[in-house]
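Here's a quick briefing on one chain of this structure. Have the viewer open as you go.

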Amino acid sequence: MPTQTFMLNGERVTVEAEDGVRLLWVIRDLLGVTGPKYGCGINVCKACTSHINGKAFNPCSVQVCDIGDDDEVTTIEGLADGEKLHPMQQAWIDRDVPQCGYCQPGQIMAAVAKVRQCRAEGRDVDDDAIEEIRNICRCGTYNRIREAIKAGADKM
Amino acid sequence: MPQHRMAERAKAPVGRRKFLGYLIAAPTLVVAAELTRQEVFGGPSASAATPIPSAPQPPEVYDLLDALRDSMRPTANLIRIEVNRDGTVSFALPRSDNGQGIITSTQMIIAEEMGLDVDQVRVTLADARPELLLNQITGGSSTTFTTYTPIRVAAALAQMRLLEAASQLLQQDVRTLTARKGLITSTLGKSIPFGDLAGPAASAVDKQVEVTLKPREKFTVIGKPQNKTDVLDIVTGRKQFAADLQIPDALPTVICRAPDLNGTPRKAANLADVRRMPGVTDVEIVSTGVAVRARTFGQAIDAVRALEVSWKDGTVHGEDDESVLKKLKAAELPLAVPAGIVATVDSSFTFWFKSNSSLEPNTAIADVRRDRAEIWGPMKTPITAQNAIAKLLGLPQNAVTVHVVQGGGSFGRKLFFDAALEAAECSKAFGKPVKLMWSRADDSRQGRVHPMCTSRVRATVTKDSVLSFEQRHTSVSTDFTHGLGEAITAAAAKAPLGNLGFAETVFELTQANPYDYGVSTRVLNEVDMRFNTSSMRNVYSPDVTTAREVVTDQLAAKLGADPYEFRRKFARSDRIRGVLDAVAKNGRWGRSMKKGTAQGLGVHHEYKGVTAALVEIDCRPETVNRAIYEGVTGPRVTRVTFAIDAGLVINPRGLEAQMMGGINDGIALILTSSLHLTDGHFVEASWDNYFYTRQWNTPPELNIILVDSGADEPGGAGEAGVAATAAAVANAYARAVGKVPTEFPINHRDPFPFTPKPLVPPIPESPTDGLEHTY
């Protein structure tokens, strides 16, 4: 079986997996890192949103063989700086955003990437920018998510 | 002062009521409680307005919450609180938390009574405990209402016992001691931590003790906003759902299902080939399909896609939306008041099938051995599950351990335990532990749905009053075979006509008309169509309420009245007028709106609470036709002002969260989300087909108002946000476009904005181009 190597949350990981297995399952089922959730498997619900080299992506839709040895994959578990939470995580706590919490790791990772994208493009993190975020929350926490993104962006 | 409040005060007994608690023989302090108190809610107040009063309706004096609580009375004394040697207090809540925040509110209730900080109370979810009989169902928005007092009684007794033990140790009169933050402190400044008292306060025998509860004026925790106590775990990815649990050898398992709804396997042509696929460990035919166990879920899905299976027809083979609607129409019960003698409003509404999929698909872990089984999953009726699994496996019920895991949303879906049953069957078939998860396509197409239903309304009016209001609700059968969460009522619901009786009881106990509409009747009829159904953040209310509130706007128009003034005048209680006034004032009812935009109102009364919503909607073409990739836009709700009088509020921040979720549900029900039945199956296979509210649909402005009318007891919250919002959206839409909708959601007959996904194989392939869509 092929060996797959990449950087996961700051550490080099090596794992045996078939080339075509999607990264989500390598992360969850083989490496036991379960922050990114399955919600659809076809890049629609965005519950598995994580970062690759700092940009948002959905590991349910990437074959593990397409991840390079030095590609940095960051899941929600790797967002904080040790014990120090990322400002977006803190904003989520301050506004008591989550209900069941299943989609929230993906929501936070999407929010961080959207703010970075807006900054890079010189755009405001406004309602229009937030409405580009496709992550579904079936508990319906959207309104607190909007508040938290704006507050988190101010601290980023 | 509102009338109802005076009525409650008048009924309240003199002095502080006493309750009975129990000391349980144990090495450390263990207390238990039973329910001995009476209902404090009064019936409806008489209306002072001119409308013709309707007779009292069952939900106003005895509703589903009362029925659930009364069914629990004999066993509520088995609720136990333990004081640990490390000073913490623990309690295993016999309920299921799927995000509604009941773990947090339970921590608050115990912390309040014992003078602890919220984080000093450890609340876990109890395993299935068959001895609890009827006391382990999470549904009907009943949790806080049914557990509030027993938990307080136990906590108060624990507190009393700790004080007594401290009094002995400190040689101080108990009245000079206070408990705060887990310390008992004397007036002399000496203190002893709870942990040191856990042993001395323990009882050597079981004993009944009288306790008094903390009076409401002294509350410092209840009623104060509190964050969910698992929020840190959630934002760091540490919170574990069933699929995240690492149970030894419980490998990913997925079932290949039929194209028809509830189709079953005849035979599989290539089992041997599929067993040799990469990562696959086991493949077996089971009752609902062909089960595959593999090293990863991805490989199990690949194997499901490769299977060649022939299928028997499903339970609704060949049926579609129209054929089901025809059956419903045929089953509609007649209206009693003839039309046309006086002025009549006659309306008929259709509510299409809706999915109650949560974001976490049906998931369960099972480890079945020859003589025992262990199951993990999010289950709201774990005793019923334990009984059903034991029966399936041919084991005694006590050989099956059912662990209740926090769920990733429920909305009614997890009243059932479909995944747990299948996991048990698969584990037995493989002789190995399994972690079984439904694919999203299965969860959407084969999972439980909110039944299609119709609501006919006929109202007769004179020039200033409503003489009669009849509502005939006809629904595809709602599955209540979970009973009240255990084997006895579940069996009763499964008996011939048992489910209809159960459904009618639930309907009768939950549906109330908030207005004095003269002769007012509501009748339910259900047609068994062999669909997989369950409630969905309410069973009947959003549909029944929407029909009633749309007709209420029509009645107002008929009488030439403003919709708000009309509702105010006909409201049956001051509590209803209270929430209505709150939204009208804060939402600026009647302000001038641009053409193509409008306001709408909705009112609802259920679960000991009353709610009102004022919605503003934008139906202008530039808004309706916004283009969003793989999204449905349509009319946009731009602003929601929502008020709830929920009785005593334990956690206002949590209550607001529940309302926010309900509001987003209500918007979806009216504008965007439904399932389409075609040729014996549901078309929608994922979130790009089924349009639950998204960021681009949610209201940019949202204002939730908690109205306090001084009630002593909490009502229900989990579902209370949906109905009034749905109704208000429908009314706002009707006013904006000048046409009253009769089908919901309003876009159900639009062409699909997507290409339906194939039925065979049943799970779409995961894309490989994810790196082209980064941002």
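Two strands pair if DSSP finds at least two bridges between them. By that count strand S3 (residues 79-83) of chain B and strand S4 (residues 89-93) of chain B are a pair, antiparallel, with 3 bridges. Keep in mind that this is a predicted model.

**The open sheet and its helix**

- S3 and S4 belong to an open sheet of 6 strands in chain B, ordered S5-S4-S3-S2-S1-S9, and the pairing is mixed.
- At the edges sit strand S5 (121-125) and strand S9 (207-212) of chain B, each of which pairs on one side only.
- Ignoring direction, neighbouring strands of this sheet are turned by 30 degrees against each other on average.
- If you want one bridge to click on, Val83(B) has Val89(B) in S4(B) as its bridge partner.
- Helix H4 (residues 102-114) of chain B lies across S3, S4 and S5 of chain B, and runs at about 140 degrees to S4(B).

**Domains**

- Chain B is assigned domain 1 (18-39 + 49-212), domain 2 (242-256 + 264-312 + 362-437) and domain 3 (321-355 + 447-744).
- Between the C-alpha centres of domain 2 of chain B and domain 3 of chain B there are 36 Å.
- Where those two touch, 10 residues of domain 2 of chain B are in contact with 12 residues of domain 3 of chain B.
- On the domain 2 side of that contact in chain B, the residues split into 4 nonpolar, 5 polar and 1 charged.

- Lys181(B) isn't a glycine, yet its phi is positive, near 55 degrees.
- You'll find Lys181(B) in the loop between strand S6 (178-180) and strand S7 (183-185) of chain B.
- Lys181(B), by contrast, is partly exposed, as it has 14 other C-beta atoms within 10 Å.
- Phe411(B) sits in a loop too, the one between strand S19 (400-404) and helix H12 (418-430) of chain B.

- Phe744(B) and Pro745(B) are joined by a cis peptide bond with omega about 0 degrees.
- Pro745(B) falls in the segment after strand S31 (743-744) of chain B.
- Another cis peptide bond links Val760(B) to Pro761(B), with omega about -5 degrees.
- Pro761(B) is also in the segment after S31 of chain B.

Conventions:
Residues are numbered from 1 along each chain as its sequence is written. Chains are lettered from A and ligands numbered from 1 in the order in which they are written. This is a predicted model: local features need pLDDT of at least 70, side-chain atom pairs count only at pLDDT 80 or more; totals for chains, interfaces and linings use all residues. Domain bounds come from an automatic or database domain assignment. Two residues are in contact if their C-beta atoms, placed from the backbone, lie within 7 Å. Ala, Val, Leu, Ile, Met, Phe, Trp, Tyr, Cys and Pro count as nonpolar, Asp, Glu, Lys and Arg as charged, and the others, Gly among them, as polar. Helices (H or I, at least four residues) and strands (E, at least two) are DSSP runs, numbered from the N terminus. A residue is buried if 20 or more other C-beta atoms lie within 10 Å of its own, exposed if 12 or fewer, and partly exposed in between; C-beta atoms are placed from the backbone. Axes are lines fitted to C-alpha atoms, for helices over the stretch in contact, and angles run from 0 to 180 degrees between N-to-C directions.
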